[in-house]
Amino acid sequence: MPTESMERFLARKPEVLAKGPLALILIEDATAVAATVEHHIGRGFRHILLFSDQPQDLPEVLASKVTLLPYDIRRPDAHVDAVNAVIRAVPTGTWLYYCYNAEFLFYPFCETRSVGEMLAFHTEERRPAMLSYVVDLYAGDLTTHPDAVDLHAPLFDRAGYYALGRIGPDGQARERQLDFHGGLRWRYEELLPPDRRRIDRIALFRAAPGLQVTADHRFSIEEYNTYSCPWHHNLTAAIASFRVAKALATNPGSRDQVGSLTWRNSHPFEWSGDQLMNLGLMEPGQWF
C-alpha cells in the first residue's frame, strides 16, 4: 500500500478528500484492522484514511479504497492532531468520522441504508454533528481470548447506562449536553482515569473553519457537542468497541485485577443496529 507523510498528503489535497463522508481510523495495534476497514467500507464511506506507525497489509479489495498515512499513534491523545489536520484540509461542510481499530459504526437502519443517506437526512435537519455512544464489546472467555477480543461471539452490557448533566466552567449546566456513562468504563471505573470514563463521542461531524476536536472527544464549537436540536430529538449513532476491553485485559496495571469481564447483564452482541436501537443505545429521531 503506497504511503506518504500525512502533511504532504493533506497539503496536496488529493481528489479523495474532495467529498465525504470520509472515515479516519487510528490504528493502535494489529487487532482486527482488516475487519474494521471492511466494516466501514461496507457502511458506505467514500474513502478511508488509516493513521498508523506500522505498515498495513490489507487485501487488495480493501486497499484500493484506503490511504495509509504514517503517524505516531503512541503519542498522548493522538486523535487530536490527526483529526484536526484533516478538518483543515477538506472542504468546509465535508462529513468526517473517526474511530480506532476494533471499533465498528452502527446507526439506525444501517443494514439497509448507507452512512451517506443517513448523513444527508441529518444535514437536512440542520445538524452539523452526531452524538455517538461507545458500546463496549468483550470476549466471554479471557482464557481463549486473552486480549478480550472475540469477533465471532462478543458480549456487551445490555443495562447499566446513565447520563449526568454536563457542567460548564461557570458552574451551570450546558444546554443539551450530557455526560454518558456505562459499560466497562462504568464497571471498572477505578481502573480508568476520570477523564476516560465517559462513553459519548462526537464521532460524525462536518468540517468547519476553526473547528477543533479536543482530547476528551468534544469540539471547540459547543453546538457540535449537543445531543439534539432544541425542537425535537435527532439521530444518534453507536460505536461497538473492543478498545476498553483490550486495555483492561492486556495493560499491566489492570490485567491482574480482571478475572472475567462478564456479569449478570452480559448479553450476546448480534452485530445489529436494530439490537442497539431497541435497547435505547441509539436514537432514530425523525428518520423513518
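# Close-up views of a predicted model

View 1. At 1.5 Å a residue, helix 4 (residues 78-89), with its 12 residues, should span 16 Å, and its end C-alpha atoms are 18 Å apart, which agrees. The structure shown here and in the other views is a predicted model. Helix 4 is mostly covered, with 10 of its 12 residues buried. These buried residues are Ala78, His79, Val80, Ala82, Val83, Asn84, Ala85, Val86, Ile87 and Ala89.

**View 2. Strands 2 and 3 side by side.** Strand 2 (residues 47-52) and strand 3 run parallel and are joined by five bridges. One place to look is leucine 49, whose bridge partner in strand 3 is threonine 67. Strand 3 (residues 66-70) is mostly covered, since four of its five residues are buried.

**View 3. The pairing partners of strand 6.** With strand 10, strand 6 pairs in the antiparallel sense over four bridges. In this pairing, serine 132 stands opposite arginine 201 of strand 10. With strand 11 (residues 237-241), strand 6 pairs in the parallel sense over five bridges. Here valine 134 stands opposite isoleucine 239 of strand 11. With strand 7 (residues 155-157), the sense is antiparallel and there are two bridges. Leucine 137 stands opposite phenylalanine 156 in strand 7.

**View 4. Two nonpolar cores.** The largest nonpolar core has 47 residues, and those touching the most other members are Val37, Leu50, Tyr97, Leu105, Met118, Leu204 and Leu276. A second, separate core has 36 residues, including Tyr133, Phe180, Phe219 and Tyr224. To follow one member of the largest core, take leucine 105. Leaving aside neighbours within four places in sequence, leucine 105 is in contact with His39, His40, Arg43, Phe45, Tyr97, Val115, Leu204, Ala237, Ala238 and Ile239.

**View 5. Two edge-to-face ring pairs.** The structure holds 14 aromatic pairs. A pair of aromatic rings is described by the distance of the centres and the angle of the planes. The rings of tyrosine 98 and phenylalanine 205 have centres 6.5 Å apart and planes at 70°, so this pair is edge-to-face. Tyrosine 98 is in strand 4 and phenylalanine 205 in strand 10, so the pair links distant parts of the chain, 107 residues apart. Both tyrosine 98 and phenylalanine 205 are buried. Tyrosine 133 and phenylalanine 180 also form an edge-to-face pair, 4.8 Å from centre to centre with 70° between the planes. Tyrosine 133 lies in strand 6 and phenylalanine 180 in strand 9 (residues 173-181), so this pair ties together parts that are 47 residues apart in sequence. Tyrosine 133 is buried, as is phenylalanine 180.

**View 6. A ring cluster and two charges over rings.** Ring pairs link Phe104, Phe106, Phe156, Phe269 and Trp271 into a cluster. Elsewhere, charged side chains sit over rings. The charged end of arginine 113 sits over the ring of tryptophan 287, 4.6 Å from its centre. Likewise, the charged end of arginine 243 sits over the ring of tyrosine 100, 3.6 Å from its centre.

**View 7. Aspartate 200 in strand 10.** Aspartate 200 lies in strand 10. Is this residue buried or exposed? Aspartate 200 has a relative accessible area of 6%, and buried means under 20%, so aspartate 200 is buried. Leaving aside neighbours within four places in sequence, aspartate 200 is in contact with Leu131, Ser132, Arg166, Leu178, Asp179 and Phe180. Lysine 13 makes a point of reference: aspartate 200 and lysine 13 are 187 residues apart in sequence and 31 Å apart in space, C-alpha to C-alpha.

Terms used. Residues numbered from 1 in each chain as written. Predicted model: local features only at pLDDT ≥ 70, side-chain atom pairs only at ≥ 80, totals over all residues. Heavy atoms only, no water. Buried < 20%, exposed > 50% of the residue type's maximum accessible area, 1.4 Å probe, protein only. Pairing = 2+ DSSP bridges. Expected span 1.5 Å × (residues − 1). Core = buried A, V, L, I, M, F, W, Y, C linked by side-chain atoms within 4.5 Å. Contact = heavy atoms within 4.5 Å. Phe/Tyr/Trp six-rings, centres within 6.5 Å; stacked < 30°, edge-to-face > 60°. Lys NZ or Arg CZ within 6 Å of the ring centre and 35° of its normal.
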